[in-house]
Amino acid sequence: MRDNLYKTVDKFRQCNIYGIIGGGYERGWFTNCKCRYRLFEGARNTKKSRDIGGYEPIFKILSNPLRNIVFCRQNDVDNRQSTYANICFCIEDLGLKMLFDTKVNPLEITYKPTGQKIVFRGLNNPTSITSITFEHGYLTDVYIEEAFQVQFFEDFRKLDGSLRGKLPQGLS
């Protein structure tokens, strides 16, 4: 964990989100952008995977006890060394490892205080996506890493359909 992530104010530890993510993604960060779809593009080392695909889902889980998140790649086996490893790094970097349980079979990360989950699926197995349910809360967010690999619009529609329906007030 980096020492410069937190400051103490009135006996409470506060985290400076923009100090963590730096410049470039403030407008697209989930608290500042209420769009249904967001697309980030850029070359390697532009921080989109680390900031948007790593820190942001952690802050989403921490910000609302009803959120659950799915990460998708074209092939489910590609998640282990990319999206899953990235989020595990970010949890460690934020000093929050004691609050999260990580499993590799199946790939999932559970926020211990509430039971919320971040799960990882592949578009190559469509049935693993359409039947996702959570014990606590709702499926509120889907991240597609390497969206250019999504070969069929129908695969995207299945994901989008999983997010349809009424969400509790305050979740968008």
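Is cysteine 90 buried or exposed? Select it to start the tour of this predicted model. At 0% relative accessibility, cysteine 90 counts as buried.

**Stop 1: the cysteines**

Cysteine 88 has a relative accessibility of 23%, so it counts as partly exposed, because buried requires a value under 20%. No disulfides are counted in the model. For cysteine 88, the nearest cysteine sulfur is that of cysteine 90, 9.4 Å away.

**Stop 2: a stacked pair**

Next, turn to the aromatic rings. A ring pair is described by the distance of the centres and the angle of the planes. The count here is four aromatic pairs. Select phenylalanine 71 and tyrosine 143, which form a stacked pair with 4.8 Å from centre to centre and 10° between the planes. Phenylalanine 71 belongs to strand 3 (residues 67-73) and tyrosine 143 to strand 7 (residues 138-144), so show both strands; the pair links distant parts of the chain, 72 residues apart. Phenylalanine 71 has 1% relative accessibility and counts as buried. Tyrosine 143, at 9%, counts as buried too.

**Stop 3: a tilted pair**

Now select phenylalanine 100 and tyrosine 111. Their ring centres are 5.1 Å apart and their planes stand at 40°, so this pair is tilted. Phenylalanine 100 is in strand 4 (residues 100-104) and tyrosine 111 in strand 5 (residues 107-111), so the pair ties together parts 11 residues apart in sequence. Check the accessibility of each residue: phenylalanine 100 is buried at 6%, and tyrosine 111 is buried with a relative accessible area of 13%.

**Stop 4**

**Stop 5: helix 5**

Finish at helix 5, residues 153-162, and colour its buried residues, which are Asp155, Leu159 and Asp160. Turn the view to look down the helix axis. Why do these residues line one face of helix 5? Seen from that direction, the buried residues fall within an arc of 135°, so they line one face of the helix.

Terms used:
Residues are numbered from 1 along each chain as its sequence is written. This is a predicted model: local features need pLDDT of at least 70, side-chain atom pairs count only at pLDDT 80 or more; totals for chains, interfaces and linings use all residues. Side-chain values use heavy atoms; hydrogens and water are left out. Buried means under 20% relative accessible area, exposed over 50%, partly exposed in between (1.4 Å probe, protein chains only). Helices (H or I, at least four residues) and strands (E, at least two) are DSSP runs, numbered from the N terminus. The arc is that of the directions from the helix axis to the C-beta atoms. A disulfide is a pair of cysteine sulfur atoms within 2.5 Å. Rings of Phe, Tyr and Trp (its six-membered ring) pair if their centres lie within 6.5 Å; planes under 30 degrees apart count as stacked, over 60 as edge-to-face and the rest as tilted.
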